[in-house]
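Q: I have a model open and would like to learn how to read its packing. Can you walk me through it?

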Amino acid sequence: MKRVFKTYKYVLLSVSSLILFIILWEIFLNIFHVSRIVLIKPSEILATCIRDFDILSKEMLYTVSEIIPGWFIGSLMGILCAVIMYRNEKLSKGFVTTSVLINAIPLIALTAIIGGIMGTNRDQKILLVSLIVFFPVFITTLSQLTSIDQGHKDLLLSYSAKPKDILFKVLLPKSLPALTNIVKVSCITAIFTAVTSEFFGGYGGIGIFILSKKGLYNLELVWAGIFFIAVFGTIFYFTVEFLQKKLVPWQES
Amino acid sequence: MEENTQKSSQGLIVGVVIVILIAIGAYYLFTQVLNKDESKKQMDSLTLQLKWVEQAQFMGFLVAKELGYYEDENIDLEILPGGVGINPVDVLIAGDAQVAVAWTGNVLPAISQGEDLVNIGQGVQRSALRLMALKSSGIEKPEDIAGKKIGTWLGGNELEPYAFIEMQGLDKDRDVVLVNQNFDMNQLLNKEIDLASATIYNEYWLPIEAGYSEDDFVVFDMEEEGAGMLQDALFVQRDFLDNNEDLLVRFMRATIKGWEYAIANPQEAVDLMGLDFTQNDVTARDHQITMAKETAKLYQADDGTTEGLFFINTDKLAQTVDIATEYISEVKDIDMSKIYTLSIWEKAVQ
């Protein structure tokens, strides 16, 4: 029993603190009068999640179908571009400037610009998410690849290693911890981008759902929608973390 | 030599910083003095939240402020424009504005949640909302909307389209595709959606100004279809109403005067509002003048003429409440007697 506790101490602690937080929230709202517009009870939110599970999960799945492809394409393109460009300093510098330029545009404006070009359908959201995810992944990968220890490189060159070997045997293994970290953090950025861009037009998704229910003051559904996003975000993040541990076992946490 | 350049550049930086600090200080003092001058007048301050951005839809308020009608009533009125993501009902509840221009139908969900909001004057006497479809889409009658993509403005403007959909025996969540519409008609013209929301004073004219003919569209008038709800009205919190009756009466008097002036002179009203049209933008100005004329019609409709501007017709209010209660699940248990008062209006027009 003691050993079990030790292994799962971390999980137990986080789950129990979450439950404690929810209980305190419930008690607080029972004692003090708070306008329903500000906050509602977690028990009501949970009941709504169960009651309207079909609508909520339908909308959430729509948004997930924007988040995951966007996140995947953005991360993949970021890594690929960095791998292609790390040896050509001039090209990579020019590309960094361009991607900084795109990323300096506020999300709202970017949403409007891309919406004007291709409409507010699902593809627009996927493109937006991948654009937003691309930048940090690209920059991190590039800086990892270009910051190799000259000693390692010289050693490999003295063995007459080919650039391909250096890339796959030294550079990528060395970059993987930082790289997988940034890809993991990008999960949250991807969720945020997809939901926010939905606020500015679209054909479905949890962001639009929340906005529409907020206008109708259907606060149970608003909070249930937020709860769904939070739950999905947590699952998504920890799944990627799990994969990261499998992929990069030498990662120091 | 190098040291000298360094020293002189340091001196330059220090000099620039001092100049900037002095400028900031002077500006601060200056604004302080100006503010003091203003506060000497001891006017009652009041904040009005508009439903949307400053445009001819609200010309009466803007004209009354511009012509000093509020000052004449000893009110220092601040007008907050609306915009994307700003729900006037939220602003009113949060207390950031004491009076809000909100669509009467859209206030009902908040009232159902227990908020004590009161209509003190009904501006628009008839629904301005239309659902428009291109004739080429094959939509001819209301029943044809089944399975179509329908654009609505989310965040508190969707009650009438929802009621209209449900009236056709359709489930708004299952039998049609609801789309978050932008505040223009491009999605309709690009055929991304089949039906678009439009107000008769604004979006309705955008395609026509862009070269389309009125005959190109099938238009469902919410009022005629029996889904019409009252729109632009003045709402306050009950607490504020109970404690500031005199202030609100004076506000109402100045507001009515402003609207009477604007309705009589729509073109002049548009110029008075001080909107920033880009240079020589005739289209934008003409659009505002059209909006002014259409808004005037809505304010003067029915009781707006027979009783006077901002009169609240209880039958129409009851109709709004009935439609909302029947078709919108978020609207329930509305006590008609608590959601409006005519006392402010009656004292103002005396």
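A: Let's begin with contacts: two residues are in contact if their C-beta atoms, placed from the backbone, lie within 7 Å. By that rule, 16 residues of chain A are in contact with 19 residues of chain B. A word on the source: this is a predicted model, where local features need pLDDT of at least 70 and side-chain atom pairs count only at pLDDT 80 or more, while totals for chains, interfaces and linings use all residues. Residues are numbered from 1 along each chain as its sequence is written, and chains are lettered from A and ligands numbered from 1 in the order in which they are written.

Q: Which element gives the most to the side of chain B that touches chain A?

A: Elements are DSSP runs numbered from the N terminus: helices are H or I with at least four residues, strands E with at least two. On the side of chain B that touches chain A, β7(B) gives the most, with three residues. Both α5 (104–112) and β7 (177–180) of chain B supply at least two residues each.

Q: How many nonpolar, polar and charged residues does that side of chain B have?

A: Ala, Val, Leu, Ile, Met, Phe, Trp, Tyr, Cys and Pro count as nonpolar, Asp, Glu, Lys and Arg as charged, and the others, Gly among them, as polar. The side of chain B that touches chain A has six nonpolar, eight polar and five charged residues.

Q: And how many helices and strands does chain A have?

A: Chain A has eleven helices and zero strands. Its C-alpha trace spans about 75 × 60 × 30 Å along the principal axes.

Q: At what angle do α6 and α7 of chain A pack?

A: Two packed helices are described by the angle between their axes and the distance between the axes. Axes are lines fitted to C-alpha atoms, for helices over the stretch in contact, with angles from 0 to 180 degrees between N-to-C directions. Helix α6 (residues 107–118) and helix α7 (residues 122–146) of chain A pack at about 140 degrees, their axes 10 Å apart. That makes α6(A) oblique to α7(A); under 35 degrees counts as roughly parallel, over 145 as roughly antiparallel, 65 to 115 as roughly perpendicular and the rest as oblique.

Q: Which residues make that contact?

A: From α6(A) come Leu110(A), Thr111(A), Ile114(A), Gly115(A) and Met118(A), and from α7(A) Asp123(A), Gln124(A), Leu127(A) and Leu128(A). By class, that is five nonpolar, three polar and one charged.

Q: What follows α6(A)?

A: Gly119(A), whose phi is positive, near 80 degrees.
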